[in-house]
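Trainee: I'm new to this one. Can you walk me through what we are looking at?
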Amino acid sequence: MDDIISAQESFQDIYCMFYKKVYRIAFSITKDVHLAEDVLQETFLKFYQKAEQIEDMEKISGWLGTVAARTAIDFLRKEQKTPCPLDELSISQEGNVEQTAEYEWLKETISQEIRKLKPKYREILELKLYYDLKEQELAQQLKLSKGTVKTRLHRARRTLKVSLKDAM
C-alpha cells in the first residue's frame, strides 16, 4: 500500500515539475489550446504507464519532451484525416445535381488558381497535393533544402488562399 502512495506522490511531483514544459511543446506544435491539453494528458498517461521501464530518471525531461512532440504530431495527423466538407460531396450523388456542379466548379477554380502561381510555387504545391509527398521527399525530388521547401509551400498556400478569395 505504501508503494502505491509513494508512486502516486512521485507521479504528482513529476507532473508538477514538467507539465508546463509539456504543454508548451504541445501548444507550439498544435497551435490549439484544446489539442495541447489533450496531448498533455496523453503524454502523462504514457509516462504513468511506462514509468517502471524508464531506467534513468534524470533524463525524464527529455523523454517527456519527445513523447509530447510525437503525441502532438500524431494528434495533428488525426485531425488532418477528418474529412473536409468538399470530400463529402460525392460525384456519384445523382439526385443532387447542384452539389455536384458546385463541387466541379470549385475543383476547376482551384486548378485554375494553382496554374496562375509562379512556377516554383506551382511545382511544389502540385507535387504536395497530387502526389502527397512529404517535405523531405519534396526536398530530395527538387534538390532543395527542407527549409526552402517549407518556405515555398507556405508561400504557395498563402498566395493560393488570397487568389481563391478574390476568385470567389
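Mentor: Here is a quick tour, starting with the overall picture. Keep in mind that this is a predicted model.

Trainee: How many helices and strands are in the chain?
Mentor: There are eight helices and zero strands. From the N terminus on, the elements read α-α-α-α-α-α-α-α.

Trainee: What share of the residues count as buried?
Mentor: The chain has 168 residues, and 27% of them count as buried. Its accessible surface is about 12,400 Å². Carbon and sulfur atoms account for 51% of that surface.

Trainee: What about contacts between residues that are apart in sequence?
Mentor: Take the contacts between residues at least 6 apart in sequence. Of these, 51% join residues at least 24 apart.

Trainee: Let's go inside. Where is V39 placed?
Mentor: V39 sits in helix 2, which covers residues 33–50.

Trainee: Is V39 buried or exposed?
Mentor: V39 counts as buried because its relative accessibility is 0%.

Trainee: Which residues does V39 touch?
Mentor: Leave out residues up to four places away in sequence, and V39 touches A26, T30, A68, T71, A72 and F75. There is also a distance to check: the C-alpha atoms of V39 and A69 are separated by 8.6 Å. Those two residues are 30 apart along the chain.

Trainee: And T43, buried or exposed?
Mentor: T43 is buried, with a relative accessible area of 0%. T43 is placed in helix 2. Leaving aside neighbours within four places in sequence, its contacts are V22, L64, V67, A68 and T71.

Trainee: Now the packing. At what angle do helix 6 and helix 8 pack?
Mentor: The angle is about 95°, and the axes are 9 Å apart. The two helices are therefore roughly perpendicular to each other, since angles of 65 to 115 degrees get that label.

Trainee: Which residues make the contact?
Mentor: Helix 6 brings K120, Y121, I124, L125 and K128. Helix 8 brings V149, R152, L153, R155, A156, R157 and L160.

Trainee: How do helix 7 and helix 8 pack?
Mentor: Helix 7, residues 135–142, packs on helix 8 at an angle of about 105°, with the axes 9 Å apart. That makes helix 7 roughly perpendicular to helix 8. The contact uses E135, Q136, L138 and A139 of helix 7. On helix 8, it uses K146, V149, K150 and L153.

Trainee: Switching to charges. How many salt bridges does a search of the whole structure find?
Mentor: The search finds three salt bridges. One of them joins the side chains of D74 and R77, at 3.8 Å from N to O. Both residues lie in helix 3, residues 60–81, and they are three residues apart, about one turn of the helix. D74 counts as partly exposed, at 33% relative accessibility.

Trainee: What does R115 meet in a salt bridge?
Mentor: R115 meets E108, at 3.2 Å from N to O. R115 counts as partly exposed at 47% relative accessibility. E108 counts as partly exposed at 39%.

Trainee: And which residue does E113 meet?
Mentor: E113 meets K116, at 3.2 Å from N to O. E113 is buried, with a relative accessible area of 8%. K116 is exposed, with a relative accessible area of 60%.

Trainee: On to the surface. Which residues form a nonpolar patch?
Mentor: L129, Y130 and Y131 form a nonpolar patch, with about 390 Å² of accessible area together. Y131 lies in helix 6, residues 119–131.

Trainee: Why does Y131 count as exposed?
Mentor: Its relative accessibility is 59%, and the cut-off for exposed is over 50%.

Trainee: Last topic, the backbone. What is the phi of K31?
Mentor: Phi of K31 is near 60°, a positive value in a residue other than glycine. Most residues other than glycine have a negative phi. K31 lies in the loop between helix 1 and helix 2. K31 counts as exposed, at 60% relative accessibility.

Trainee: What about K143 and its phi?
Mentor: K143 has a positive phi of about 55°, although it is not a glycine. K143 lies in the loop between helix 7 and helix 8. K143 counts as exposed, at 74% relative accessibility.

Notes: Residues numbered from 1 in each chain as written. Predicted model: local features only at pLDDT ≥ 70, side-chain atom pairs only at ≥ 80, totals over all residues. Heavy atoms only, no water. Patch = residues over 30% accessible without salt bridge, like charges linked within 9 Å, V, L, I, M, F, W, Y side chains within 5 Å. Areas by Shrake-Rupley, 256 points an atom, 1.4 Å probe, with all protein chains shown as cover. Salt bridge = Lys/Arg side-chain N within 4 Å of Asp/Glu carboxyl O. Helix = DSSP H or I, 4+ residues; strand = E, 2+ residues; numbered from the N terminus. Buried < 20%, exposed > 50% of the residue type's maximum accessible area, 1.4 Å probe, protein only. Axes fitted to C-alpha atoms, helices over the stretch in contact; angles between N-to-C directions. Parallel < 35°, antiparallel > 145°, perpendicular 65-115°, else oblique. Contact = heavy atoms within 4.5 Å.
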